[in-house]
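Please look over the model below.

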Amino acid sequence: MNTAVADDILTQLRRPSSPVQNAAQEAFDNLTETVGTVTVDNPKMQTSNVNVFYAEKQAIFDVNLDIGNNEVIAMIGPSGCGKSTFLRCLNRMNDTIPTCRVTGNMSLDGEDLYGADLDPVLLRARVGMVFQKPNPFAKSIYDNVAYGPRIHGLASNRAELDDIVVDSLKKAGLYDEVKDRLDAPGTSLSGGQQQRLCIARSIAVSPEVILMDEPCSALDPIATARIEELINELRENYAIAIVTHSMQQAARVSQRTAYFHLGKLVEVNDTNAVFTNPQHELTENYITGRFG
Ligand SMILES: Nc1ncnc2c1ncn2[C@@H]1O[C@H](COP(=O)(O)OP(=O)(O)OP(=O)(O)O)[C@@H](O)[C@H]1O
Ligand SMILES: [Mg+2]
């Protein structure tokens with residue numbers, strides 16, 4: 001098919017009056033409950049009736065979703081559908097946005113994320129986050145990884161701190177590449193190495209959950225493959241939620257996939273089922289590339 005014809009078809013599909021778009025909009029309007037299974041047998045985190053507002057504008061509508069122990073859950077959906085917003089609920093990062101208001105129930109091992117006893121700073125150590133752009137601190141490789149353990153007093157002497165740093169770099173699959181230059185700035189590493197440094201930094205405070213918001217979007221295919229391999233290894237010890245725009249990546253790394261659309265959680269199921277046999281029309285449209 002030539003490009004002009006393909007463009008024409010895409011324009012037709014995207015026109016508000018297109019039958020596909022109309023049917024999808026109707027399916028969305030009628031969506032009152034997520035399709036699939038939002039709960040798991042062995043939950044690490046549980047969320048129910050989550051709504052998020054930025055000032056008056058609602059960005060998340062009544063989402064219920066569990067994140068299981070030792071699982072990777074992928075969150076997919078068109079740009080602006082609320083993936084990052086929902087991810088940020090899980091470690092209360094939205095608290096740092098003044099206009100943002102979150103309602104609903106969220107827990108970690110049954111403990112209320114908004115409970116009076118739960119310090120958000122400690123929560124963010126237990127539920128770590130890796131961002132889209134690698135963001136190492138302007139510090140040495142060593143100090144990047146040692147930063148969290150120092151703040152949280154996780155080591156009582158230098159030898160213990162050394163152990164944590166080495167162990168975290170090993171778990172992030174970076175140690176061999178940097179062991180001779182731990183004093184070099186973190187920013188002197190390649191993009192893929194910087195992202196693994198950020199993963200090492202989040203691992204260093206012994207998190208229980210790792211949230212990743214498009215962790216590979218700034219990386220080349222080789223660095224991406226390395227991170228994906230790492231995600232697979234990390235699953236043995238952590239629960240992982242990853243936002244991705246790459247459906248291939250979601251299929252490769254996750255066991256469950258959640259599809260968001262305009263702030264609603266449309267469908268969640270085993271990854272295989274979502275990609276081979278989506279239940280909701282909106283999910284199907286997205287994964288077949290109709291729009292998004
Ligand atoms: N800090 C903010 N202030 C106001 N509105 C925001 C803020 N962050 C996000 N939003 C709005 O909330 C909605 C969801 O945004 P969010 O960033 O969660 O989407 P996303 O699915 O992560 O998109 P992308 O794939 O582009 O990263 C969008 O309409 C966005 O404009
Ligand atoms: Mg986002």
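Q: Which hand does the crossing of helix 5 and helix 8 have?
A: Helices are DSSP runs (H or I, at least four residues), numbered from the N terminus. A crossing is left-handed if the near helix is turned anticlockwise from the far one by less than a right angle, and right-handed if clockwise. The crossing of helix 5 and helix 8 is right-handed.

This is a predicted model: local features need pLDDT of at least 70, side-chain atom pairs count only at pLDDT 80 or more, and totals for chains, interfaces and linings use all residues. Residues are numbered from 1 along each chain as its sequence is written, with chains lettered from A and ligands numbered from 1 in the order written.

Q: Is helix 5 roughly parallel or roughly perpendicular to helix 8?
A: The angle between helix 5 and helix 8 (residues 191-203) is about 30°. Angles under 35 degrees count as roughly parallel, 65 to 115 as roughly perpendicular. That makes helix 5, relative to helix 8, roughly parallel.

Q: Which residues of helix 8 meet helix 5?
A: Contact requires C-beta atoms, placed from the backbone, within 7 Å. Helix 5 brings Ile141, Asn144, Val145, Tyr147 and Gly148. In helix 8 they meet Leu197, Ala200 and Arg201.

Q: Which helix gives the largest share of the shell around ligand 1?
A: Shell residues have a C-beta atom, placed from the backbone, within 6 Å of the ligand. Among them are Lys83, Ser84 and Thr85. The largest share, three residues, comes from helix 3 (residues 83-89).

Definitions and conventions
Helices (H or I, at least four residues) and strands (E, at least two) are DSSP runs, numbered from the N terminus. Axes are lines fitted to C-alpha atoms, for helices over the stretch in contact, and angles run from 0 to 180 degrees between N-to-C directions. Angles under 35 degrees count as roughly parallel, over 145 as roughly antiparallel, 65 to 115 as roughly perpendicular and the rest as oblique. Two residues are in contact if their C-beta atoms, placed from the backbone, lie within 7 Å.
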